[in-house]
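Here's a quick briefing to read alongside the model. Have a look at the fold, then work through the points below.

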Amino acid sequence: MAALPVFRWRLAPDGYATRRQLRARGLRPGGQPVAAQLERPRRRREPLVAYLYLVDLAQPVRPMTPGRRAALAKANAARRICPECRRDAGYVIPASLGTCVPCAYPDPDSPRST
């Protein structure tokens, strides 16, 4: 297997882009393999690595269909429902808590109506 070309941070030639840079242009890698990598050196740690793709081989982003939009809205709404009290929290439930804040830290002085 041939080694990938490695470029220093901010020194990649034209024609290469990261996933985020492709997305900003309305493109996606489209199944192509990683073409090169970018390394940003850090003190006393491993360098940060970003993978680069060829812009020429990138494909346009697939359009958002009504079905996809509905599925995404449903998934985002499910992330707001507390599994304990089954109410919409009004925010995405933190994974660290697993429940809404009132369920995770109940107030012992006030009775809760469910």
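Let's start with Leu4, which sits in the segment before strand E1 (6–8); strands here are DSSP runs of E with at least two residues, helices are runs of H or I with at least four, and both are numbered from the N terminus. Keep in mind that this is a predicted model: local features need pLDDT of at least 70, side-chain atom pairs count only at pLDDT 80 or more, and totals for chains, interfaces and linings use all residues. Residues are numbered from 1 along each chain as its sequence is written, and side-chain values use heavy atoms, with hydrogens and water left out.

**Around Leu4**
- Leu4 counts as partly exposed because its relative accessibility is 32%, and that label covers what lies between buried (under 20% relative accessible area) and exposed (over 50%), using a 1.4 Å probe and protein chains only.
- Together with Val49 and Tyr51, Leu4 makes a nonpolar surface patch of about 250 Å².

**The fold**
- The protein has 3 helices and 6 strands.
- Reading from the N terminus, the order is β-β-α-β-β-β-β-α-α.

**Overall dimensions**
- Along the principal axes, the C-alpha atoms fill a box of roughly 65 × 45 × 25 Å.

- Of the 114 residues, 19% are buried.
- Take the contacts (heavy atoms within 4.5 Å): among those between residues at least 6 apart in sequence, 49% join residues at least 24 apart.

Terms used
Patches are made of residues with over 30% relative accessible area and no salt bridge: like charges are joined within 9 Å, nonpolar side chains (Val, Leu, Ile, Met, Phe, Trp, Tyr) within 5 Å. Accessible areas come from the Shrake-Rupley method with a 1.4 Å probe; for residues, only the protein chains shown count as cover. A salt bridge is a side-chain nitrogen of Lys or Arg within 4 Å of a carboxyl oxygen of Asp or Glu.
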